[in-house]
Amino acid sequence: MPHDGHDHHEDEGSELSPIALRVRALESLLVEKGYVDPAALDVLIETYETKVGPRNGVRVVAKAWSDPDFADWLKRDATAAIASLGFQGRQGEHMVALFNSAAVHNMVVCTLCSCYPWPVLGLPPVWYKSMPYRSRAVIEPREVLREFGIEIAASKEVRVWDSTAEVRYLVIPERPEGSEGFSEEQLAELVTRDSMIGTGLARRPQ
Amino acid sequence: MNGPHDMGGFTGFGPVNPEADEPLWHADWEPRAFALVLAMGMTGRWNIDEARHARERLPAMQYWRSSYYEMRHYALLLQLIETGLISALEEEQGHMSRAPLPVKRVAKAEMIPAILSAGGPANRARNLPQGFRPGDRVRARNITPEGHTRLPRYARGKVGEIVLVHGIHVFPDSNAMGQGENPQWLYTVRFTAEELWGRNTRDSVCIDLWEPYLEAC
């Protein structure tokens, strides 16, 4: 950060970037005006750091792979099926589960902003919100998938879901070969975050 | 509006560059900026569609050059100043110089879990005839609204097929513009890559579109 040398009484704030200073100043202003409770900010941050993340979605997928009744429920009413595991609410009010198959590989994007199923995947990674992904996922999905290291057979349809409304999509990846007889806990080890966005595949058992 | 946010179909932004083992935050200010956006949304001073529209109204170069949380911060400032909750001078100085305005709710720490768990469902009960059924072929209207819309430019004028019916949902084009929720039937429409891009592949794009965006074809 540029430093003019005149501010001899600065605190650690002088080490902060301009945006960091502005965010800090805005927080103190909004607290001073009584619009926000600083303790509520801490709870919000802690929630998405420790309680809500892709491990929730991993449980949904592992259960879908091991329990056909649950998989059926996910297909019929994903919001209710996912809520039965305790995952619901903000940015997951209207859930749809997209089952990958031998014929279709599903992949999710939000070209207009950054819509993402928070209760099951947490906050989106930087690349999901980035201009390259948002712009290219719909027009050249196979090239984008190659940048994630996956190649989809030409015989398969790549179906991209652009989340333009309040519906949120969770991809259920194909259960990998070699996982026959695995417990739900063992299956969970094979599920990655990217496989639930559709920019990855489930891991193959070692 | 044809704002900088409507990105589908551009190809000039380079590779995606996913980061291995990406941390949740990339700077200490990001979680604070994130939480401020959420907490101010909880005051009820604006709805989610107005918040999205604020981001779209940022100057295009600022939108494209900013990191995600910077962009969210600038859009929050725009809303705070437009609604009079703060003044530009207060933002610059970081101190209150005029009395706060009343807000519907200040979310206290103990209220947060219930607020997040409840979320903000967009479906509404309304007696409205359903215009389309799964399998119907529809054309996305070729329109250029001046205000907020969730009809991406790349779909306008294109023909697709209704694949899902989601019920009646708040219509963002109204709700973002202070014109009420005006709930409408919401569908997922599947468009082939050939229709959208002239590319002869098996691929397709499914887009959530409200009935006013669509016409029978």
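Strand S3 of chain A, residues 157-162, pairs with S4(B) in the parallel sense. The pairing runs over 4 bridges. One of the residues involved is A:Arg159, whose bridge partner in S4(B) is B:Ser204. The model is predicted. Its complex carries an ipTM of 0.97 and a pTM of 0.95 from the predictor.

**Interface between chains A and B**
- The contact set joins 71 residues of chain B to 64 residues of chain A.
- Several elements of chain B each supply at least two residues to the side that touches chain A.
- The helices among them are H1 (29-41), H2 (48-56), H4 (68-82), H5 (88-93) and H6 (112-118).
- Strands S2 (159-169) and S4 (204-210) of chain B also contribute at least two residues each.
- H1(B) gives the most to this side, with 9 residues.
- By class, the side of chain B that touches chain A holds 39 nonpolar, 17 polar and 15 charged residues.

**Fold of chain B**
- Chain B has 8 helices and 5 strands.
- Along the sequence, the pattern of chain B reads α-α-α-α-α-α-β-β-α-β-α-β-β.
- For contacts in chain B with a separation of 6 or more, 64% link residues 24 or more positions apart.

**Dimensions and burial of chain B**
- The C-alpha atoms of chain B fill a box of roughly 60 × 45 × 35 Å along the principal axes.
- Of the 217 residues in chain B, 38% are buried.

**Confidence in chain B**
- The mean pLDDT of chain B is 97.
- In chain B, 100% of residues reach a pLDDT of 70 or more.

Methods. Residues numbered from 1 in each chain as written. Chains lettered and ligands numbered in written order. Predicted model: local features only at pLDDT ≥ 70, side-chain atom pairs only at ≥ 80, totals over all residues. Contact = placed C-beta atoms within 7 Å. Nonpolar A, V, L, I, M, F, W, Y, C, P; charged D, E, K, R; others polar. Pairing = 2+ DSSP bridges. pLDDT = per-residue confidence, 0-100. Buried ≥ 20, exposed ≤ 12 C-beta atoms within 10 Å, placed from the backbone.
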